[in-house]
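Here is a friendly walk through one protein model and its ligand. Please keep the sequence and the 3D view at hand as you read.

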Amino acid sequence: MTQRVFSAMQPTSDSLQLGNYLGALVQWVALQDGREAIYSVVDLHALTVAPDPATLTRRTRATAAQFLAAGVDPQRSTLFVQSHVPQHAELTWILSTFTGMGEAGRMTQFKDKSAKAGQSGTNVGLFTYPVLMAADILLYDTDVVPVGEDQRQHLELSRDLAQRLNSRLGEGTVTVPEPHIVKEVAKIYDLQDPTAKMSKSSSSPHGVIDILDEPQEIAKRIRSAVTDTETVIRFDRGSKPGVSNLLTIYSAFTGRPVDDIVADYEGKMYGHLKGDLADVVVGALAPVREATMEWIESPEKLDSVLAQGAAKASVIAQATLERIGGRMGLLPLAHR
Ligand code: AQP
């Protein structure tokens, strides 16, 4: 049987950052070959940060536009907005009754984000966020989930919940998903703080490359990336996190092994590496930026792609929800 792939991103920014692009989106595009792919802009997840309404709407379209611009093909794959398929919220409720308070409380993303926001700024949605993510994945009987390393723990919870459903409600209730994490680009680090992951919601924008940034801005951020006081270009995540991050990005865009790149830069200065990397990144992102703008300038066309995607996704989602509800004893709605 054809494997089914599902993955999603939150519309929490006008532009995806380089980690979203290399850690996830590039894999999404590749996984469309020979598999059935379903990709979503998860706007319900983004509500956990209480976005301004107009901003959320704009970012939802902009995020979908970037998926399409990067190569998600709506002829081959299903692309939809999470809130257009209400079964996500329904399954979340069901799954929350299978989730222990303890296991939800152990999620490091919740611990980090709630520590930053403080008790008054932390909503219940942030706590149940991984349950909604599990619902996203399990609704589609997903075999494979391409994500970055930062999402591994959430995916583990989705797997535990799938196994729990199958053991309580009977084998075959849902498919147990497998992660697809590409080791080399599993984590792209902040250019100013290369021990922290690059993130859309980073406290300082200087360490983040937004894929829609102007070329000069991208070049500037790469040139001012934090390195170290040595002058040798080599890959060593422990003692040279900044240089190693630059090498990872270089390798991801050129498809060349890190060792080959290191060999090319023997005896050269960090400035050479940064200058060349800026050219590589700017060159690779220019067509994505251009195609994104074209989609954003045609909102009707974009909304129509998303509506078709939601219609396709709903059919699968409803079948799964009815199967789970039926096995739990929820009374099926009689046909009149
Ligand atoms: N730095 C990263 N390196 C590799 N992969 C990354 N991803 C995110 N940052 C990196 C992957 O991108 C996808 C986006 O997921 P998301 O939009 O649900 O949010 P996230 O993981 O929390 O990403 P951000 O950019 O840090 O968003 P905010 O700041 O809004 O929380 C996922 O597949 C993720 O693994």
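Predicted model: local features only at pLDDT ≥ 70, side-chain atom pairs only at ≥ 80, totals over all residues.

Residues are numbered from 1 along each chain as its sequence is written, and side-chain values use heavy atoms, with hydrogens and water left out.

**The ligand site**

Around the ligand there are 23 residues, and G148, D150, S199, K200 and S201 come nearest (a residue is near if one of its heavy atoms lies within 4 Å of the molecule). Helix α1 (residues 18-31) gives the largest share of this shell, four residues; helices (H or I, at least four residues) and strands (E, at least two) are DSSP runs, numbered from the N terminus. Sorted by class, the shell has eight nonpolar, 10 polar and five charged residues. Here Ala, Val, Leu, Ile, Met, Phe, Trp, Tyr, Cys and Pro count as nonpolar, Asp, Glu, Lys and Arg as charged, and the others, Gly among them, as polar.

| Protein atom | Ligand atom | Distance |
|---|---|---|
| Q17, polar side-chain atom | oxygen | 2.8 Å |
| I188, backbone N or O atom | nitrogen | 2.7 Å |
| S201, polar side-chain atom | oxygen | 2.4 Å |

Taken alone, the ligand exposes 640 Å², and the protein buries 97% of that (areas by the Shrake-Rupley method with a 1.4 Å probe).

**The second largest pocket**

The second largest pocket holds about 340 Å³ of space. On a 1 Å grid over the protein atoms alone, a pocket is an open set of points where a 1.4 Å probe fits, with protein on both sides within 12 Å along at least five of seven lines; lining residues have an atom within 4 Å of a point. The volume is the space filled by probe spheres set on the points. α13 gives the most to this pocket's lining, with five residues, and the lining has six nonpolar, four polar and two charged residues.

Is S114 buried or exposed? S114 is buried, with a relative accessible area of 15% (buried means under 20%, exposed over 50%). S114 sits in helix α6 (residues 108-117), and a polar atom of its side chain lies 3.4 Å from the backbone oxygen of K111.

A50 is not a glycine, yet its phi is positive, near 45°. A50 is exposed, with a relative accessible area of 65%. D141 also is not a glycine and has a positive phi of about 45°, but D141 is buried at 19% relative accessible area.

Technical notes. Polar contact = N/O pair within 3.5 Å; in protein donor to acceptor, adjacent residues only side chain to side chain. Buried < 20%, exposed > 50% of the residue type's maximum accessible area, 1.4 Å probe, protein only.
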